[in-house]
Amino acid sequence: MINKVKKYWSIYKKLAKHRLSVLVTFSAAVGYFIAQGRSILELGGAVLGVYLLSAGASALNQYQERKYDAQMERTNKRPIPAKEISANSALTVALVLILAGSMLLYFNGIIPVVLGLLNIILYNVIYTPLKTRTPFSILPGAVVGAIPPMIGWTSAGLSLFHPTIIYIAVFMFLWQLPHFWLLLIKFGGEYEKAGFSSISRYFNTKPVSF
């Protein structure tokens, strides 16, 4: 029994990109604390809601990209291409996580849940399909990372248009651009072979001799 639980937990962590989802959740909590929120229920709803949405979006992304993941060394050990879980089961897990996360955010107000669902649209409906078409898909992808602090902020009841949270969101957006591009440059060849559009084709990544 214990071994089965460990096995399922291991599959879930990879499918939900657990560590990344925890970091996303942390950024939402930071937004809440900067807004000086003091309700344990609000904080719990924001933190758990964002975590579940992030985990669900990651699982849905892996469902969407399962054929591409199977072609790349850095992703072919993910649960679906590794046949640890079926594609349909992964899709079910993703939808349940997204629904649960949305319900939790709804208790903090309509704006947090709208922001959460907007992130799903940006990540899974816009960013993911664009990855095979243009390396500049990272622009909507970077917006995704800027929204969680805004969810925490609005969960505390403050305005979405307050200068403080706008500055934080802009910083989060700009910080992610070089991170994404460096990954594309490092694994550019692998991405292109799998069918993704990589910015590495625009750069000479070979060492320069003087």
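**Burial and helix packing**

Q: Where does Val144 lie?
A: Val144 is part of helix 7. The model is a predicted one.

Q: Why does Val144 count as buried?
A: Its relative accessibility is 15%. The cut-off for buried is under 20%, so Val144 falls in that class.

Q: Which residues does Val144 touch, not counting those up to four places away in sequence?
A: Val144 touches Asn119, Leu122 and Tyr123. Contact here requires heavy atoms within 4.5 Å. For Val144 and Tyr123, the C-alpha atoms are 6.4 Å apart in space, while the two residues are 21 apart in sequence.

Q: What describes the packing of helix 6 and helix 7?
A: Two packed helices are described by the angle between their axes and by the distance between those axes. For helix 6 (residues 110-130) and helix 7 (residues 138-146), the angle is about 155° and the axes are 9 Å apart.

Q: Why are helix 6 and helix 7 called roughly antiparallel?
A: Their angle is about 155°. Angles over 145 degrees count as roughly antiparallel, and therefore the term applies to helix 6 and helix 7. Helix 6 passes helix 7 in a left-handed crossing.

Q: Which residues make the contact between helix 6 and helix 7?
A: Helix 6 contributes Asn119, Leu122, Tyr123, Ile126, Tyr127 and Leu130. From helix 7 come Ile138, Pro140, Gly141, Val143 and Val144.

Q: How many nonpolar, polar and charged residues does the contact of helix 6 with helix 7 have?
A: There are nine nonpolar residues, two polar ones and no charged ones. Gly counts as polar in this scheme, and Gly141 of helix 7 is among the contact residues.

Q: Why does Gln62 count as buried?
A: Gln62 lies in helix 3 (residues 40-64). Its relative accessibility is 1%.

Q: Which residues is Gln62 in contact with, leaving aside neighbours within four places in sequence?
A: The contacts of Gln62 are Lys14, Leu15, Lys17, Asp69, Arg78, Pro79 and Ile80.

Q: How many helices and strands does the chain have?
A: The chain has 10 helices and zero strands.

Q: What share of the residues in the chain is buried?
A: Buried residues make up 45% of the 210 residues. The chain exposes about 12000 Å², of which carbon and sulfur atoms supply 68%.

Q: What share of the contacts with a separation of 6 or more comes from residues 24 or more positions apart?
A: Such residues account for 69% of those contacts in the chain.

Note on methods: Residues numbered from 1 in each chain as written. Predicted model: local features only at pLDDT ≥ 70, side-chain atom pairs only at ≥ 80, totals over all residues. Heavy atoms only, no water. Axes fitted to C-alpha atoms, helices over the stretch in contact; angles between N-to-C directions. Helix = DSSP H or I, 4+ residues; strand = E, 2+ residues; numbered from the N terminus. Parallel < 35°, antiparallel > 145°, perpendicular 65-115°, else oblique. Left-handed = near helix turned anticlockwise from the far one by under 90°. Buried < 20%, exposed > 50% of the residue type's maximum accessible area, 1.4 Å probe, protein only. Areas by Shrake-Rupley, 256 points an atom, 1.4 Å probe, with all protein chains shown as cover.
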